[in-house]
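Open the model in your viewer and keep the selection panel at hand. The stops below go one chain at a time.

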Amino acid sequence: MGNPIEKLIMKTHKISVAQDFSETPAGRYITDGPYSGQHFRDEMLFPALKEYDRVVVDLDGTLGYGSSFLEETFGGLIRECRMTLEQIDKKLIIHSSRRLYSTRAKQYMMDEAARQGRKL
Amino acid sequence: MSTDQFWDGATIAASIGCVLTVVGWFVQKNHTNKHEKRKELRLDIDKLNAEVRLILSSSHTYYAANKKAEWSVAHSEIITSFSTLGGIIQRIETRNPEVSFQKEERAFYDAITGGDFESKDIDRDPKLYAEKCRRFALLAQKLQEVGEDWFNKKYP
């Protein structure tokens, strides 16, 4: 996607967890509560990644995140949705004013990719 | 001494006086700035330590209390405190690139909020929590030590 014209016509979709999902996301699985990582991943993030060329996930505006939510959301893209790190890297941008959340989210994907043996 | 020699001497003396005043002003300003920076940094490290203690205390309530209402409050305290802690750490590291809390911050965050932290089947067995409690305390101490050790080296 190095062509400037291609970049211009890329379909980009932004998801704000706070505005589009919940200000209090919590839990790993759907059984843990209504705003779990599994729910967010399966109902919002993964469908967007399939449909759009680029997806920006904005983590700001919520109360905060437990690591289980982030791990299930992002690590689960590789574990459950069978995406590769390369595919995710091309499409997904994680924005957070808290470096802890964005770096952990990326690390969970890398850890899961390493576990699954799928690397760049 | 002629009049010209007198005025040359006076001019030199006045010039030296001006230079010394300006140099003195810069030295004093530099000293004040360093003092202010030390104060601000100490304040941030104290805030960091306070958030870590709050997280530890809330995790004790969250994992060991008997009432659901207390769990809910403690959960919110843990989540918001990590967000606050992250902001403090980012501020310290941005202003002082030679220090890094990242490794210890990540370990503390994963330990407290990982596992079955938000699971509906969370295990609140007191024996299990005792082991978790020790680990949380150790990781909290390591995180606090990063700041204290670095501050004490920077301002002996």
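Before moving on, some ground rules. This is a predicted model, where local features need pLDDT of at least 70 and side-chain atom pairs count only at pLDDT 80 or more, while totals for chains, interfaces and linings use all residues. Residues are numbered from 1 along each chain as its sequence is written, chains are lettered from A and ligands numbered from 1 in the order in which they are written, and side-chain values use heavy atoms, with hydrogens and water left out.

Now show chain B as a cartoon. It has four helices and zero strands. Helices are DSSP runs of H or I with at least four residues; strands are runs of E with at least two; both are numbered from the N terminus. The radius of gyration of chain B, taken over C-alpha atoms, is 27 Å, well over the 15 Å that the globule rule gives for 156 residues, so the chain is more spread out than a compact globule. That rule is 2.2 Å times the number of residues to the power 0.38. Colour by burial next. Buried residues make up 35% of the 156 in chain B, where buried means under 20% relative accessible area (1.4 Å probe, protein chains only).

Go to chain A and select its strands. Three of them form an open sheet in the order β1-β2-β3, with parallel pairing. Two strands pair if DSSP finds at least two bridges between them. β1 (12-16) and β3 (92-95) of chain A stand at the edges, each with a single partner strand, so one side of each has no neighbour in the sheet.

Select residues 54-58 of chain A, strand β2. Four of the five residues of β2(A) are buried, so this strand is largely enclosed by the rest of the structure. Five bridges pair β1(A) with β2(A), and four join β2(A) to β3(A).

Which residue of β2(A) is the bridge partner of I15(A)? Pick V57(A). V57(A) also stands opposite I94(A) in β3(A).

Last stop: F74(A). Contact means heavy atoms within 4.5 Å. Leaving out residues up to four places away in sequence, F74(A) touches residues including V57(A), I94(A), L45(A) and L92(A).

Conventions: Buried < 20%, exposed > 50% of the residue type's maximum accessible area, 1.4 Å probe, protein only.
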